Amino acid sequence: MRLQDLKKADASWKDKAVHARYRVESIGSLARLLRHGPGKMAEIFRWDWLRTLAGASNLLDMAVYTRTGRYREASAYALAEVIGGIGDLIDSICAAPDRVVIHEDLVPSEIFRGMGLAPFMAEVIGIAVPLVKADWAEKYIDIAENEGTPPDTCSLPKCTMGVALDGQFPKSAAIVTSNMPCDGGMASYTILERELKSPCFRLDIPYNFYNDRAIDYFVSELKRMIAWLEEHTPGRMDWDRLKEVCIERNKAMEHELEIWELIRQKPAPMAGEAIWLAQLIHMVATPGSPRATRTMKNILKRTKKIMENGGGALPEERYRAVLWNPPTLVFPELFVWAEQQYGVALLADMLTYHRHPFIDVSSPDSMLRSLAQIIVEGPMARHTRGPAENFFDDLFYLYEYFSLDMIWMAGHIGCKNTMALNGMFRERCREREIPLFIMNYDLSDTRVVSPVDMKKQAEAFMETVMKAEPLL
Amino acid sequence: MNQAVIPDFFRQILDQPVNNLVDQAQEQGKKAIAYTCSYVPQPLLSLDGVFPIRVRAPGVVGTPMADTYLSSVICSYTRSVLELALEWAFDSLDGWVFAASCDHLRRLYDNLDYLNKPAFNHMIDMPHRGGAAAEKWLTEEYKSLGAALAESFGVDASPQALSRSIKEHNAYLSVMREISKMRKQDNPPVTGAMFQTLLAASTSAPKDMVMDELKALLARLRESNEGKPYRARVLLAGSHCDDPGYIDVIEKTGGLVVAERTCTGSIPALAPIPENDAPYETLAGQALANISCPRMMESFQARVDEILEAVEEYRADGVVLQTMKFCDTWGVESGPMVQELRKAGVPILKLEREYTMSSEGQLQTRIQAFLESMGK
Ligand code: SF4
Ligand code: SF4
C-alpha cells in the first residue's frame, strides 16, 4: 500500500502551493550536492541508495497528500527538513572525505563534530531509504544472507551489512561503534570493519546504567575514544567547538520539550511525522546541528499556531496513540492512514521519547558526562539494554503523560530482545486495561509481512478492540 | 582389548534437569545455585555452603508456554529452560545467577523473574571488552555477587575463602584436563560424546560428589589401550552444546570429536585458574581474557586464532561450527569465521541447530558429506 490507497485531501490553492514549495526545497537540498563537482557526483551516484534517496520527495507527497491547512504545512516543512538533514550528512562527507567517521546509531556523534570530523551514521541508509522505496532493502538483506548472516537476524543491521558488502559506503578514516542496541547490531560491525577496511573503535556501555558508577565507566570509554580518534584520524578535540555543538543541541532539546508539553493537550496541536521522523533524523542522526535546532523551533512555532487557531492538528482527533519499538520503515504511511481512517493521532514513538538531559557545558568533563548520560539513557538503548522494567516503565509513563487511548507495539520479528518482552507486556497492559496492539512486521523487509497485511492487522485491532468506526 | 566406557553414574546425572546428587547435597544443608553462562565463575558459586549447577533442559519436547512469553524467535536453549521452569522443574534450586551476556539470556532472566520469581536472582553486568577498566568493573561485579551470596546464604565470600574454592576447582580442572589431553592421542580412549557426558555431568552436580568417580575413571582410562576407530578428527566449535547426543551423531558417522571450543566444551573451560591472594581480580581477568565468546566485541581474530591453534594441537582434520538458531552473536560472526578458517586451509562445516536435537538423519547426512569432502 502506498499513496494511491490514501485519500487525497481536498487541497486549496494554498495547500497546493505548500506542496510545491517544499518539493522545490527538498529537491534543492539534494541538488546542492552538485557543488562538489562532476567527479564527486559520479563517485557518489554509483551508490544505489543515494540514487534512490534522490527521489525522497515521494516521502513529502505522503505527508501533504492527505492533509490540509496548517497541519499540511507543518508536516511538509518537517519532511523537507528531514530530507535536508540527510542532504547535510552527505554534503559533509563530500566536503571532508579524509575526515569521515562511520558510526553506529547509538554513539555520541556530537563529539566527532567537536573534533572537526564528518560523522556518517551507517544505519541511516537502512532507515531512510526504505521510507522512500519500501522494498529497497531486500536486495541488501539478501546480499548479507548470501555471505552467511542468518535469515533471522534483524533486517536493519543486515541491510547495513549488505550495503557494505556491496561496496556502497563512503571511504572512512575510522569506524566507531558500541555494544548497542542489541547483539545483532553489535555483531554487524565485525562485517563492517572487514568490508570498510577502516580501523574500528568500540564503546562499551554497561547493562545497568542508572548509577554513577556506570556513567563514570562510560565517560572513561569516551575519553579513550577521543584519544583513539586523535591517533587514527586528522580530527583533534576542540572543546570550544564541542561546546557550540552541545549548546545547539540544548536549544533543539528545549524546543522539543515544549512541543511535547503542548501536544499533551486534547486535541493535540501536532502529530505524525513532524514529531517522530523529525526527531529520528535531527536528534539521533544529526544532533547538535543548526538545522536540528531550526527544525525543532519551527515545528514548535507551527504547533503554537495550530493551537492559537483552536482545534488540533487532525481534523478530528478520536484516539491518541504511541508507536513503540522501531518505526515501520517499510510502511511510513501507517499513521497517515490511521489518521484518515480512524482519527488516530500519533504523539510519540520509541525513538522520539528520550530522557535526554540538557548538556552541562561548564567544562569538558561535564559535557562528556552529559553526553554519556544521553547515550546510555538514549532511545532504544534504554529499552534494549537493562532490565525489562526500563521498557515497561517508559511506556506506562507515556501512556499517562500524553493521555493515550492505546499502545501500538511494532512487533518487529528480527528484534528478538523486544519480542521477548511482549508476553509480559501484554499481561501488564491487561491488568491496567490498556488496549495494546502488537503488529507483526519486519522493519525493512516487505516479504515477511507486506504493508497491506500490516494495515489489515491495524484495521482488525481498531474495529474489534477499539470498536472504531471508519471515518471514510 | 581394553576399551573404556563411561559409568552409568555420569549418564544418570544427565537424565534429569535436577538430579539426585543435588537433592542429597541440599539435604546436607548446601544451597544449589543455577547458572546459564560461562561468564558466571564456578569457584564463586562453590564457596563453602553453596554449589553451582549449570542449567540444562533435558527432556524438553516443545516450548509452547515459553514461546508465549519469550516468543519463538529467541534461542531454544533459553526457551527450553523457561519451559521447564514453568513446569516447576527448577523450583528446588535455591537461586539463579545470570550474566548480562547476550540478549536471550537477559530476557530469560526478566521472564523468569516475572513468571516464577526465584528467591535469589542475580545479574552480573558483563563488559563487552577486555582491558584494565573492564577488569576493574568485572571485579566489582564479582565482589557484589560474593556479597549477595554472603547476605542470602551466609557463606564466607572473603578473598581467602574464594582462594580456597579456586584451589578445589583447580583440582577438578586438573583431572578433566588429564582426560582431555588423552584426546590428542592417535587413538584416544575417550570419545567426544564420552567427554561431553563427563563435562556436563560434573557441572550439573556438586563437584565433591563426582570427584571420586572422575578420578577412578581417569585411572581406568590411563590403562585402556584402545579407542574407537574413526575416519576423521573433528573440532567442534560454536555456541552452547551440552548434549552428548549431538556429538554422538557426529561420531556414529565416523568423525571423532577431539575437542570442543564451545561455551560448554573443553576449550577454554579447563584452563587452570592462577592461585594468588587477589582471587576476585583473577577470576575477572581470566573471564575477560579466556572465555572467547562472540559477545566480546574486539576479539574476532582472537577467536579465529584460538580455533586454528586448537586444530593444530588436537590434529583435527576439520571443524564443525554449530550455532544455535536465533543466536545473533554466533550467527553473524559465523560468516566471516568460515571465510577465515577456509583461508587458513581448514575444512569447515557450518551447521545451525536447535537446543533439542530434532533431525538426527539430516545431521548424519551433512557430516557424512563433510567427511567425504575431506577425502576421509
Ligand atoms: S530493531 Fe531491534 S534487533 Fe534491530 S537493530 Fe534495533 S534493537 Fe537491534
Ligand atoms: S554463547 Fe556466550 S553468552 Fe551465550 S552462553 Fe556461551 S559464553 Fe555465554
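How many salt bridges does the rule find across the interface of chain A and chain B? The rule, which asks for a side-chain nitrogen of Lys or Arg within 4 Å of a carboxyl oxygen of Asp or Glu, finds 6 across this interface. This is a predicted model, in which local features need pLDDT of at least 70 and side-chain atom pairs count only at pLDDT 80 or more, while totals for chains, interfaces and linings use all residues. Residues are numbered from 1 along each chain as its sequence is written, and side-chain values use heavy atoms, with hydrogens and water left out.

**Extent of the interface**
- Taking contact as heavy atoms within 4.5 Å, 47 residues of chain A touch 44 residues of chain B.
- The area buried between the two chains (accessible area, 1.4 Å probe, lost on being put together and summed over both) is about 3900 Å², and carbon and sulfur atoms give 53% of it.
- On the side of chain A, the most area is lost to chain B by A:Asp183, A:Tyr207 and A:Arg213, together 18% of what that side buries.

**Polar pairing**
- A:Arg213 forms a salt bridge with B:Glu141, with 2.9 Å between the closest N and O atoms.

**Surroundings of ligand 1**
- The shell around ligand 1, made of residues with a heavy atom within 4 Å of it, includes A:Cys154, A:Cys182, A:His412 and A:Cys415.
- This shell divides into 8 nonpolar residues, 3 polar and no charged, where Ala, Val, Leu, Ile, Met, Phe, Trp, Tyr, Cys and Pro count as nonpolar, Asp, Glu, Lys and Arg as charged, and the others, Gly among them, as polar.

Notes
Chains lettered and ligands numbered in written order.
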